[in-house]
Amino acid sequence: RQSAVALVPRNQLDDWRAGEIANPGVVAGRDNDAQAIAALLDQRGALFFDDISRETGLTAAVVEQGLRSLIHEGAVTADAFSPLLDLLRPAQPHQGGRKRKPAPVSTLPPGRWSLLRAVPTAEPPLGPRVEREQQLATVCHALLQRYGIVFRAVLARETLLPPWRELLHALRRMEDRGEVLGGRFVDGFAGEQFALPEVPAQLSAAARGTANTPPVVIAASDPLNLGGILVPGPKTPALAGNRILLEDGLPTARLVRGEIETLPGAGDRTLETARVRLPRVTSLRDG
């Protein structure tokens with residue numbers, strides 16, 4: 001939820017971006033250093049970190065801070081994921097109360113930085129109404145692939161979504177075309193529900209206990225973290241490091257602040273599975 005990064009298929013990028021600034025290279029009120037970096041990228045295109053520092057005359061620490069503000073603004077991206085993650089990671093506290101000197105060169109992983117161009121504002125060739133329908137269809141297909149069943153309450157943890165009323169109209173049109181099923185698939189929730197054609201059979205198998213679904217571990221920041229929202233159990237804060245064990249689709253254990261705890265509905269082997277699956281793997285870089 002605190003991250004400024006979203007992963008979407010490149011060929012659907014425009015469908016997920018709407019109402020953005022027309023020219024990310026020029027924004028009123030932006031910090032001067034960030035403005036200088038954005039203007040350079042606007043003029044020169046994608047550049048490596050060292051090129052940005054050399055061309056702007058800014059130190060590595062200043063360039064890092066400028067890129068960090070541009071990331072949170074949604075104005076820049078990188079051709080590698082590692083630099084984005086490094087700049088989104090909270091700064092480490094100083095040890096012993098002593099101020100640490102900024103590094104003379106960047107310690108970021110390699111990668112080129114570029115402006116994230118805004119969606120063209122010109123009227124699309126098929127007309128704005130058809131273009132909007134295509135955008136909504138892209139979003140609805142993604143939600144159906146993620147959840148299998150879509151209704152208003154299931155989107156509680158989602159961001160970047162159009163209003164529910166627009167999604168509802170798009171889902172109704174998909175039902176009319178035979179792409180999805182409409183009906184009552186999950187009890188206890190008001191409003192219309194829509195599902196992929198194969199979902200009813202999967203729900204029946206789960207109800208009979210013949211689904212044979214293997215345990216799955218998700219990050220607490222995953223939209224499928226629906227404990228206390230759609231499924232029984234407490235809510236797990238969507239914070240880095242928190243993880244959840246799902247068995248037959250239900251949360252049965254979680255890792256919170258480094259501690260493993262079982263949840264209501266845990267089976268005889270849940271704790272054993274949790275101890276194996278939940279701890280995070282420490283990379284060489286993290287020590």
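Reader: How many aromatic pairs does the structure hold?

Author: The structure holds one aromatic pair. Phe151 and Phe189 form this pair, 5.2 Å centre to centre with 40 degrees between the planes. This is a predicted model, in which local features need pLDDT of at least 70 and side-chain atom pairs pLDDT 80 or more, while totals for chains, interfaces and linings use all residues. Residues are numbered from 1 along each chain as its sequence is written, and side-chain values use heavy atoms, with hydrogens and water left out.

Reader: Why is the pair of Phe151 and Phe189 called tilted?

Author: Rings of Phe, Tyr and Trp (its six-membered ring) pair if their centres lie within 6.5 Å; planes under 30 degrees apart are stacked, over 60 edge-to-face, and the rest tilted. At 5.2 Å and 40 degrees, Phe151 and Phe189 are therefore a tilted pair.

Reader: What does the pair of Phe151 and Phe189 tie together?

Author: Phe151 lies in the loop between S4 and H7, and Phe189 in the loop between strand S5 (181–183) and S6, so the pair ties together parts that are 38 residues apart in sequence. Helices (H or I, at least four residues) and strands (E, at least two) are DSSP runs, numbered from the N terminus.

Reader: What makes Phe151 and Ala38 count as buried?

Author: Buried means under 20% relative accessible area, exposed over 50%, and partly exposed in between (1.4 Å probe, protein chains only). Phe151 has 3% and Ala38 has 0%, so both count as buried. Ala38 is placed in helix H2 (residues 32–44).

Reader: Which residues touch the most other members of the largest nonpolar core?

Author: Leu155, Leu167 and Leu171 do, in a core of 24 residues. A nonpolar core is a set of buried Ala, Val, Leu, Ile, Met, Phe, Trp, Tyr and Cys residues joined through side-chain atoms within 4.5 Å. Helix H6 (128–147), strand S4 (149–150), helix H7 (164–176) and strand S6 (193–195) each give two or more residues to this core.

Reader: How do you know that S9 and S10 pair?

Author: Two strands pair if DSSP finds at least two bridges between them. Strand S9 (residues 250–256) and strand S10 (residues 259–262) have four bridges, so they pair, in the antiparallel sense. Ala253 stands opposite Thr262 in S10. The hairpin has two residues between the strands, and Arg257 takes a positive phi near 55 degrees there.
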